[in-house]
Amino acid sequence: AGPRLAGSRIVTAHPADLSNVFSGDEGDRVLSEALFDALREATGDGVGITREAYSERESLALDLVEAKARELGLATERDAGANLVMTLEGAEPELPFLACGSHLDSVPQGGNFDGAAGVIAGLAIIARFKEEGFVPRRTIKVYALRGEESARFGKAYMGSSALFGKLTAADLAVRDHATGRNLAQCMADIGVDMARVEKGEPLLDPATVAAWIELHIEQGPVLVARDLPVGIVTGIRGNVRHRSVECIGEAGHSGAVPRWLRRDAVFATAELITHLDRHWRTLLERGRDVVVTAGVLGTDPQEHAIARIPGKVSFSFEVRSQNRETLEAFYDLFLSECGLVGEERGVAFSFDRRLESAPAVMDAGWIARLKAAARGLGLPDEEIPSGAGHDAAVFANAGIPSAMIFVRNEHGSHNPREAMAIDDFLAGIAVMRAAIREAVQ
């Protein structure tokens with residue numbers, strides 16, 4: 001098998017060997033490795049990769065990919081959302097076009113393949129079509145989208161949401177904690193048509209898009225555990241979240257206040273999270289799809305001390321599910337538990353703005369097409385749900401038939417240790433290319 005690409009270096013290959021059933025394309029290999037290397041060198045932060053949404057580094061990543069697309073003879077432009085669009089025109093350009101791609105932003109100190117793999121895959125596909133002289137019946141457009149990650153502003157899918165007029169005034173007012181600038185200002189900085197975005201005007205008419213196809217690394221361990229190079233995604237979990245929930249109690253001396261008179265924010269928060277974990281386990285036992293996380297939690301470092309009963313704790317809350325009813329049911333449980341724990345412990349919980357992303361179901365016809373393409377290449381056609389969110393969810397919920405291919409990736413994601421076997425990636429490109437060719441010829 002070929003080398004495995006890691007966030008900072010090329011290392012030993014994954015032990016799985018696809019050579020008996022599938023041989024990756026050498027042109028795809030050269031193009032992909034060159035672009036991954038260029039992105040890593042340009043946007044590395046010394047630990048991992050940092051390409052924050054609507055930042056100069058995200059713009060630099062788009063510039064690098066655009067330069068390569070032009071070198072390959074493809075038409076490029078920046079749309080009203082400042083996304084990069086690379087185009088292979090079809091024989092009947094009046095038909096709705098087929099769109100593919102992903103995002104180029106990252107979390108701070110993230111990995112090099114989250115998002116970028118999908119952009120590079122789309123570029124490799126249309127570059128090969130152009131090289132072969134293949135003219136698709138309908139136009140194919142590859143998008144390098146802005147602002148998919150929620151790390152900077154707390155909201156995911158900002159770039160794709162803007163395309164369909166789904167950013168609210170409250171979304172645009174959210175500020176980056178590091179700079180104090182809000183989302184609207186940061187979008188304007190890089191050339192987004194804010195007059196249209198602020199009016200909620202769609203920048204892209206869903207009726208003009210025949211389908212959205214996205215390749216992405218899997219951000220969990222399932223494909224690795226099952227020893228599969230690729231998987232076909234069936235659906236994407238939505239989420240409900242708060243960036244910050246505050247538990248307000250009363251500070252006091254750790255030795256002087258007995259338990260029955262304490263209003264301890266840490267113990268109250270710990271009890272709340274323990275109760276939520278019990279509800280989570282019960283729902284899983286009933287066959288519900290749900291995951292719950294409190295990824296940010298802490299007391300104020302300017303006032304906490306070993307001898308001080310903490311008077312305030314801040315934490316984040318997130319619940320994800322493929323089922324909207326499950327999301328709402330668990331959120332109701334969360335609010336109910338906040339009330340019960342608050343009354344029992346003598347504390348109060350306050351919440352910032354509720355954020356949410358809707359679940360999405362992938363298109364059955366495209367799932368079948370991708371599975372058939374995989375089988376035709378001698379590759380497995382395993383179906384897999386997506387626990388992480390992706391731009392494909394926004395396209396699907398805009399009424400556009402959407403589909404996703406996952407590529408095996410070790411060590412999870414949103415960290416510098418992402419590791420993807422280049423042969424696995426080439427397999428994903430091959431499946432996607434075969435399915436797209438069948439759909440547009």
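**Cysteines**

Cys338 has a relative accessible area of 4% and is therefore buried, a word that stands for under 20% relative accessible area, with exposed meaning over 50% and partly exposed the range in between (1.4 Å probe, protein chains only). Cys100 is likewise buried, because its relative accessible area is 0%. A disulfide is taken to be a pair of cysteine sulfur atoms within 2.5 Å, and by this rule the count is zero disulfides. Cys338 is in none, since the nearest cysteine sulfur, which belongs to Cys247, lies 8.4 Å away.

**Basis of the model**

This is a predicted model, in which local features need pLDDT of at least 70 and side-chain atom pairs count only at pLDDT 80 or more, while totals for chains, interfaces and linings use all residues. Residues are numbered from 1 along each chain as its sequence is written, and side-chain values use heavy atoms, with hydrogens and water left out.

**Helices α11 and α13**

Helix α11 (residues 364-376) packs against helix α13 (residues 422-440) at an angle of about 120°, and their axes are 8 Å apart; helices here are DSSP runs (H or I, at least four residues) numbered from the N terminus, and axes are lines fitted to C-alpha atoms over the stretch in contact, with angles running from 0 to 180 degrees between N-to-C directions. The residues that make this contact (heavy atoms within 4.5 Å) include Trp366 and Arg369 of α11 and Met432 and Glu438 of α13.

**Phe425**

Phe425 is found in helix α13 and counts as buried, because its relative accessibility is 0%. Leaving aside neighbours within four places in sequence, Phe425 is in contact with residues including Ser32, Phe36, Leu215 and Val407.

Conventions:
Helices (H or I, at least four residues) and strands (E, at least two) are DSSP runs, numbered from the N terminus.
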